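Trainee: Could you take one loop in this model and look at it closely with me? After that, I'd be glad to hear how other parts of the chain are put together.

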Amino acid sequence: MSANSSRTSTGVAGLDDILYGGLTPNRLYLVEGMPGSGKTTLAFQFLLEGVRLGETVLYVTLSETEEEIRSVAQSHGWSLDQVAVRELTPTESTLDPEEQYTVFHPSEVELSDTTRKFLDEVDKRRPARIAIDSLSELRLLAGSSLRYRRQILALKRFFAGRRCTVLMLDDLTSATHDLQVQSIAHGALLLEHAIPSFGVARRRMRVTKFRGSDFRGGYHDYRIRRGGLEIFPRLVAAEYRGASNRERLTSGVAELDALLGGGLERGTSTLIQGAAGTGKSTVAAMFAASAAGRGHRAAMFIFDESAGTLRSRMASLNVDLDEPIRAGRLTVSEIDPAELSPGEFAHNIRLAVERDQSSVIVIDSLNGYLNSMPDEKFLIAQLHELLTFLGQRGVATVLVSAQQGMISSNMSAPVDASYLADAVVLLRYFELDGEVRQVISVVKMRGGKHERTLREFRMTDGGVSVGAPLRGFRGVLTGIPEKLAAL
């Protein structure tokens with residue numbers, strides 16, 4: 001969906017994408033999240049975007065000192081010279097016994113005093129953007145939910161007459177999570193973070209409310225880096241429908257291409273399955289290298305080996321990856337399982353397609369992808385959405401999956417992704433004449449013709465070769481073939 005030019009940018013490209021252009025200007029918004037979820041960082045990105053556009057901005061802190069705030073900004077490499085920071089935290093004098101209230105409850109005096117200082121600052125500076133951090137302090141000062149709600153309503157009416165866009169941050173530290181502000185705000189964002197069994201914290205956000213406007217729903221992964229939040233919008237394949245190129249991409253080995261009916265068809269996905277060491281990654285890399293050699297762009301995302309090992313291993317098979325990598329036609333990305341979220345992985349693939357115009361994507365392997373995120377749910381559903389997106393963009397996708405076992409008719413994979421793929425290539429070991437050999441076959445090709453023969457597959461110093469169809473045997477895929485009697 002196209003962006004709305006009448007929106008106010010949040011300063012976070014991914015969030016603007018989710019909101020189809022940004023926030024509706026001159027409205028009040030709520031940003032909720034536990035401490036450490038990145039609310040303050042998001043608020044500063046929002047304000048600094050206003051500075052970039054020449055707007056006056058104001059940051060009001062009710063819980064942290066100005067020194068602490070500027071330290072946070074410095075850690076991201078930001079300058080707050082054009083950001084007015086107003087500190088409304090209690091002063092040291094409040095600790096003096098003579099300053100303690102005896103007739104009035106502190107909330108009756110402190111809330112009014114804090115509100116008056118804040119409103120005076122707004123009238124003085126006339127900012128176009130305001131961030132208030134945080135509402136938990138106002139909630140405590142109000143003393144009751146009724147007074148708190150009335151205070152927020154009064155602030156909303158005050159801001160409405162001064163044409164400013166306001167972010168109110170709430171750290172969700174109250175004993176009960178009330179929905180007072182969420183019902184009043186024009187829109188609301190929820191930031192979450194959780195600690196998985198292994199690896200870094202997983203962060204995700206969702207838009208819980210955006211009055212009078214559409215947005216991309218669901219959870220969206222994000223990461224806090226130096227420079228701010230980077231949000232990875234959830235991939236929605238339906239937004240990318242269009243006619244795709246049905247060109248065939250070859251591997252450079254005629255017999256292998258013949259098995260596949262001429263090569264990989266753009267807009268389809270191919271699953272290469274087999275035991276460890278049968279040549280799955282080699283076949284996948286051959287298609288990527290061949291496409292890059294013909295002027296296309298290709299991207300490989302590898303979980304199970306380093307880029308250096310892959311390059312040297314392919315060089316020993318006379319397949320050069322170094323030249324297309326240097327030329328920028330091939331990218332090889334090593335995926336660190338402990339640092340990755342599904343949303344970020346999908347975002348990286350989306351960039352490879354939309355920014356780099358890659359026509360071949362290799363994911364090696366599904367085992368590494370699934371095992372790297374054991375606490376994540378619905379990975380297969382996300383993989384289905386990813387493959388649909390790649391198909392609609394005319395990309396030839398190659399998935400590698402290692403099966404358990406070595407030589408057996410009961411080989412199994414940790415997850416059955418064969419129904420997702422348009423084509424399935426099977427690699428197996430078999431024993432013949434006192435030697436362990438490999439066999440390759442195509443067992444599925446949706447909507448296309450392909451060879452149904454079994455061919456011997458060899459990897460030698462001279463390169464990769466695919467032999468003639470194995471005739472006169474049965475039981476090759478069991479690993480122990482029998483020679484048929486001559487008629």
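**A loop and its surroundings**

Mentor: Happy to! Arg163 sits in the loop between H6 and strand E5 (165–170); helices (H or I, at least four residues) and strands (E, at least two) are DSSP runs, numbered from the N terminus. Before going further, keep in mind that this is a predicted model, with residues numbered from 1 along each chain as its sequence is written. Local features need pLDDT of at least 70, side-chain atom pairs count only at pLDDT 80 or more, totals for chains, interfaces and linings use all residues, and side-chain values use heavy atoms, with hydrogens and water left out.

Phi of Arg163 is near 45 degrees, a positive value in a residue other than glycine. Arg163 is also exposed, with 60% relative accessible area; buried means under 20%, exposed over 50%, and partly exposed in between, using a 1.4 Å probe and protein chains only.

Now step back to H6 itself. Helix H6 (residues 145–160) packs with helix H5 (residues 135–142): their axes come within 8 Å and cross at roughly 125 degrees. H5 is therefore oblique to H6. Axes are lines fitted to C-alpha atoms, for helices over the stretch in contact, and angles run from 0 to 180 degrees between N-to-C directions. Under 35 degrees counts as roughly parallel, over 145 as roughly antiparallel, 65 to 115 as roughly perpendicular, and the rest as oblique.

The crossing of H5 and H6 is right-handed; that word applies if the near helix is turned clockwise from the far one by less than a right angle, and left-handed if anticlockwise. On the H5 side, Leu135, Leu138, Arg139, Leu141 and Ala142 take part, and they meet Arg147, Tyr148, Ile152 and Leu155 in H6, where contact means heavy atoms within 4.5 Å. The residues of this contact of H5 with H6 divide into 7 nonpolar, no polar and 2 charged. Here Ala, Val, Leu, Ile, Met, Phe, Trp, Tyr, Cys and Pro count as nonpolar, Asp, Glu, Lys and Arg as charged, and the others, Gly among them, as polar.

A cis peptide bond, with omega about 5 degrees, joins Asp133 and Ser134, and Ser134 lies in the loop between strand E4 (129–133) and H5. Another cis bond runs from Asp364 to Ser365, with omega near 10 degrees. Ser365 is in the loop between strand E15 (358–364) and helix H13 (366–371).

Tyr20 is in the loop between helix H1 (13–18) and strand E1 (28–33), and at 9% relative accessibility Tyr20 counts as buried. Gly22 is also placed between H1 and E1, and is buried with a relative accessible area of 0%. Leaving aside its neighbours within four places in sequence, Gly22 contacts Arg7, Thr8, Asp16 and Phe210. From Gly22 to Gly11 the C-alpha distance is 8.7 Å, across 11 residues of sequence.

Helix H12 (residues 342–354) and helix H14 (residues 379–392) have axes that come within 11 Å and cross at roughly 10 degrees. H12 is therefore roughly parallel to H14. Pro342, Phe345, Ala346, Ile349, Arg350, Val353 and Glu354 in H12 meet Leu379, Gln382, Leu386, Phe389 and Leu390 in H14. By class, the contact of H12 with H14 has 9 nonpolar, 1 polar and 2 charged residues.

Helix H9 (residues 280–293) and helix H10 (residues 307–315) pack at about 85 degrees, their axes 11 Å apart. That makes H9 roughly perpendicular to H10. Ser281, Thr282, Ala285 and Met286 of H9 make the contact with Leu310, Arg313 and Met314 of H10.

Finally, the whole chain: 14 helices and 22 strands make up its secondary structure, and 51% of its 487 residues count as buried. Among contacts between residues at least 6 apart in sequence, 69% join residues at least 24 apart.
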